Amino acid sequence: MIQNTMFNPGSLPLQASSLAKPAATPSDSIQQFGAYLQEAIQSVSAQEKSARLMSDKMITGQVSVDQTMISAQQALLSVQLTTQVRNKVVEAYQEIMRTQM
């Protein structure tokens with residue numbers, strides 16, 4: 001079964017202190033969210049690199065076409081998910097900006 005771990009909260013390291021209490025300031029929350037997004041984007045990048053590596057290995061005959069296609073589809077799904085999340089964030093920002101006027 002194929003699992004996408006890009007936005008899986010269990011795959012990211014959590015600090016024990018962050019589970020016990022909320023962030024002290026909005027700045028702390030923004031920094032934590034920024035770190036979460038950075039890790040997610042790095043995960044997408046790693047999947048793309050893995051797909052490229054699998055493609056190169058397939059050309060030399062080291063891996064099968066099946067493995068290469070699975071890796072490529074995982075990378076594609078991660079990019080699509082990232083794009084959709086970005087679109088929703090932009091849409092939410094635009095909605096907030098409209099309601100403040």
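**Notebook: a helical chain, looked up element by element**

I began with helix H2 (residues 26-60), which has 35 residues and reaches 51 Å from its first C-alpha to its last, close to the 51 Å expected at 1.5 Å a residue. The expected span is taken as 1.5 Å times one less than the number of residues in the helix. I noted that the model is predicted, that local features need pLDDT of at least 70 and side-chain atom pairs pLDDT 80 or more, and that totals for chains, interfaces and linings use all residues. Residues are numbered from 1 along each chain as its sequence is written, and side-chain values use heavy atoms, with hydrogens and water left out.

**Overall fold**

I counted three helices and zero strands in the protein chain, in the pattern α-α-α along the sequence; helices (H or I, at least four residues) and strands (E, at least two) are DSSP runs numbered from the N terminus. Of the 101 residues, 13% count as buried, where buried means under 20% relative accessible area, exposed over 50%, and partly exposed in between (1.4 Å probe, protein chains only). The accessible surface comes to about 7,900 Å², and 61% of this area belongs to carbon and sulfur atoms; areas come from the Shrake-Rupley method with a 1.4 Å probe, and for residues only the protein chains shown count as cover. Among contacts (heavy atoms within 4.5 Å) between residues at least 6 apart in sequence, 64% join residues at least 24 apart.

**H2 against H3**

Which residues of H2 are buried? I found Ala40, Ser43, Val44, Gln47, Ala51 and Met54, and these pack against H3. H3 likewise has 35 residues and reaches 51 Å from first C-alpha to last, close to the 51 Å expected. Its buried residues are Thr68, Ser71, Ala75 and Ser78, and they pack against H2.

I then looked up serine 71, which is placed in helix H3 (residues 65-99) and counts as buried because its relative accessibility is 7%. Leaving aside neighbours within four places in sequence, serine 71 is in contact with Ser50, Ala51 and Met54.

I also checked isoleucine 41, which lies in helix H2 and counts as exposed, since its relative accessibility is 52%. Isoleucine 41 and threonine 82 are 41 residues apart in sequence, yet I read 7.8 Å between their C-alpha atoms. Just after H2, glycine 61 takes a positive phi of about 85°.

**The later part of H3**

How many salt bridges are there by the rule used? The count comes to one, the rule being a side-chain nitrogen of Lys or Arg within 4 Å of a carboxyl oxygen of Asp or Glu. The side chains of glutamate 95 and arginine 98 meet in it at 2.7 Å, N to O. The two are separated by about one helical turn, because they are three residues apart in helix H3. An α-helix has 3.6 residues a turn, so residues three or four places apart point the same way. Glutamate 95 is partly exposed at 40% relative accessibility, whereas arginine 98, at 52%, counts as exposed.

Last, I noted a nonpolar surface patch formed by Tyr93, Ile96 and Met97, with about 300 Å² of accessible area together. Patches are made of residues with over 30% relative accessible area and no salt bridge, like charges being joined within 9 Å and nonpolar side chains (Val, Leu, Ile, Met, Phe, Trp, Tyr) within 5 Å. Of these, isoleucine 96 is found in helix H3 and is partly exposed, with a relative accessible area of 45%.
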